[in-house]
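Please open the structure in your viewer and keep the selection tool at hand.

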Protein chains: 2
Amino acid sequence: MPGASVKQNRLMRPGYGLACLARGDRLVPWTFERRGLQPNDIALKIQFCGVCHSDLHAIRGNSRFPLVPGHEVVGEVTAIGAEVTKFRIGDAVLVGTIIDSCGHCSSCNRHLEQYCLEGVTTTYDGIDRHDGSITRGGYSNEYVVDTHFAYHLPSGLDPASVAPLLCAGVTTWSPLRQWDVGPGKTIGIVGLGGLGHMAVKFAHALGAYVVLFSTTPEKLASAKALGADEAIISTDDVQMAAQASRFDFILDTVSSRHPLNPYLRSLKLDGTLCCLGIPKDMDFSPVLLTMGRRRLASSGVGGTLETQEMLDFCSQHNISADVEIIAAADIDNGFERLERGEVRYRLVIDMSTLAQPTGDAA
Amino acid sequence: MPGASVKQNRLMRPGYGLACLARGDRLVPWTFERRGLQPNDIALKIQFCGVCHSDLHAIRGNSRFPLVPGHEVVGEVTAIGAEVTKFRIGDAVLVGTIIDSCGHCSSCNRHLEQYCLEGVTTTYDGIDRHDGSITRGGYSNEYVVDTHFAYHLPSGLDPASVAPLLCAGVTTWSPLRQWDVGPGKTIGIVGLGGLGHMAVKFAHALGAYVVLFSTTPEKLASAKALGADEAIISTDDVQMAAQASRFDFILDTVSSRHPLNPYLRSLKLDGTLCCLGIPKDMDFSPVLLTMGRRRLASSGVGGTLETQEMLDFCSQHNISADVEIIAAADIDNGFERLERGEVRYRLVIDMSTLAQPTGDAA
């Protein structure tokens with residue numbers, strides 16, 4: 001097998017997966033090619049791939065089509081490049097949202113590759129730094145990646161439920177760590193979806209006092225079961241007024257534009273509201289920043305160091321995502337349910353159900 | 001004289017000044033009453049009062065009229081309450097934007113009274129915590145204030161040029177200190193008005209590398225004379241693009257709504273853009289917060305501890321405002337020039353030119 005990996009080096013590798021051929025279309029089977037193994041690359045057979053809200057945004061947005069989504073990938077190493085020492089054939093391996101960066105800027109030097117000053121290469125719809133090809137995501141049979149951006153599956157955790165850690169997980173882990181969430185801090189989490197449910201688990205395990213805000217009454221009990229100390233209906237003006245100047249930090253995981261004033265008012269002096277959603281503009285009153293010297297911030301996924309730190313923490317604290325496993329053929333229905341807010345809390349595609357396109361040699 | 005102060009204690013004190021009788025009106029002579037001396041109060045004869053942009057906003061805004069503006073006050077102590085030890089009759093004294101607060105909340109306990117959780121009492125258009133009267137500002141003959149909110153004139157500085165330190169000064173000093181501006185940091189200052197010119201002086205004296213952004217070409221040389229290492233026309237897209245990811249901190253002193261994206265792009269990883277203006281909404285793209293984990297913040301004036309720290313720093317570094325002294329009768333013309341951006345950099349009213357309203361016993 002090591003011989004096979006060397007032989008394929010620099011040769012394109014045939015692949016197949018689920019693609020959106022034009023904006024807004026349903027996903028269909030599609031064949032394509034991936035880059036050949038570079039010396040520090042591994043190839044992995046994909047076993048599970050999480051379904052992220054950003055997959056849906058990419059399908060509906062200004063992406064390059066055909067588009068193969070997926071950036072919460074769990075697989076098994078099937079081939080290694082000539083210089084690979086980090087992995088061996090057969091290892092369980094994880095790939096997240098970023099698969100390359102410049103490697104030499106001030107952000108990359110701190111292993112905060114998500115903030116690479118020259119721009120990251122995303123796992124799908126990115127431009128490969130080696131051959132200029134468009135990257136194809138994890139809704140597919142195989143991935144090829146530099147080992148710097150691949151992680152070992154943490155021991156003791158179920159592979160399918162680990163997949164969402166690579167995006168939903170680290171996207172909440174990174175800001176919780178950046179803003180020193182831990183014992184003695186009162187933390188708000190807004191929204192209980194894929195990101196929010198991970199944020200509640202992490203903030204609780206980090207030792208903070210955790211309050212979950214949701215517009216959905218049915219989610220309050222679930223939030224407490226996941227580790228929240230309190231859960232509050234964010235549209236209840238009386239309850240929200242009682243939160244004034246209470247929070248050290250609020251992590252808002254809601255993707256669409258929504259009123260931020262109730263959360264800004266809830267921050268203590270020098271508190272930060274970190275919004276992970278990226279609407280076109282934000283709905284808030286600047287004077288609420290002035291009162292209390294509050295800060296409005298955002299954060300993007302996580303770097304390789306943070307990702308490894310999170311995986312170690314998850315292994316130690318037995319944390320992974322609450323997932324529902326679906327077959328590849330059910331992805332469009334999955335997107336519809338995701339859009340209706342019916343998923344508790346992350347869909348993961350069992351990629352063993354992915355059929356190789358018929359009449360194709362790949 | 002101490003006997004006089006005791007005798008007047010708890011009696012209202014007659015006063016006179018320049019008032020705006022209804023929204024948007026010109027200022028006219030007006031008589032009113034101030035609270036009588038409380039045990040820890042001093043009365044001061046006002047010598048100079050700075051003209052702040054917020055005075056203009058108050059005249060045009062939803063204030064309580066009649067309105068006597070002015071919160072950059074320099075005077076001489078003329079009477080002291082029974083328990084006063086901090087001042088003596090004849091001392092040179094300063095009063096700023098805040099003259100009272102609850103005194104017991106978490107912000108007040110840290111002497112960050114500007115963030116008092118029960119709300120501050122402002123120097124004018126506030127509700128006096130002792131007698132419920134409306135506070136009247138420094139465009140007047142006399143002020144009465146608790147000594148906790150009064151400061152000694154720093155030695156070696158010109159009284160008129162110190163007046164603006166009480167608002168324009170501490171409003172920029174406080175965020176520069178909060179965000180650790182000093183040696184090794186690259187700092188942007190946006191706008192070169194009353195606040196901006198103080199920010200340039202402070203940031204330079206604190207040891208930072210200072211870049212001034214202005215829309216006015218004529219201000220570039222002035223900025224360098226005040227201490228800026230570079231000065232850049234903010235509407236020059238080519239120059240602005242070259243600022244990408246360069247700044248640790250940017251202090252934006254512009255009061256009106258303006259595009260923030262050029263400044264957000266100019267911040268380094270984890271950099272902060274602190275906007276002192278409070279428009280109804282802010283013009284920026286949230287994705288620029290996500291890219292580089294940047295923060296958008298604001299800040300309000302300063303507390304008693306910061307104010308004293310700033311005054312000490314100004315005395316040590318021989319810093320005060322660049323002012324133009326005007327007569328009380330010229331205030332409306334002064335407002336017009338302020339509005340047209342013609343002031344370099346702060347108007348200060350010589351209150352000895354204030355005439356006592358005729359036909360009045362005050």
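Two strands are said to pair if DSSP finds at least two bridges between them. Please note that the model is predicted.

Select residues 295–297 in chain A, which form strand S15. Three bridges join this strand to S15(B), and the two run antiparallel. Within this pairing, A:Leu296 has B:Leu296 as its bridge partner.

Next, display the whole interface of chain B and chain A. Each chain is represented here: 33 residues come from chain B and 33 from chain A. About 2,600 Å² is buried between the chains, with carbon and sulfur atoms giving 63% of that area. On the chain B side, select B:Pro286, B:Thr290 and B:Arg293, which lose the most area to chain A and together make up 24% of what that side buries.

The contact involves 13 residues of domain 1 and 17 residues of domain 2.

Which residues form the salt bridge whose closest N and O atoms are 2.6 Å apart? Select A:Lys201 and A:Asp322 to view this pair. Across the interface of the two domains of chain A, one salt bridge is found, together with eleven residue pairs in polar contact.

Methods:
Residues numbered from 1 in each chain as written. Chains lettered and ligands numbered in written order. Predicted model: local features only at pLDDT ≥ 70, side-chain atom pairs only at ≥ 80, totals over all residues. Heavy atoms only, no water. Contact = heavy atoms within 4.5 Å. Salt bridge = Lys/Arg side-chain N within 4 Å of Asp/Glu carboxyl O. Polar contact = N/O pair within 3.5 Å; in protein donor to acceptor, adjacent residues only side chain to side chain. Buried area = accessible area lost by both parts, 1.4 Å probe. Helix = DSSP H or I, 4+ residues; strand = E, 2+ residues; numbered from the N terminus.
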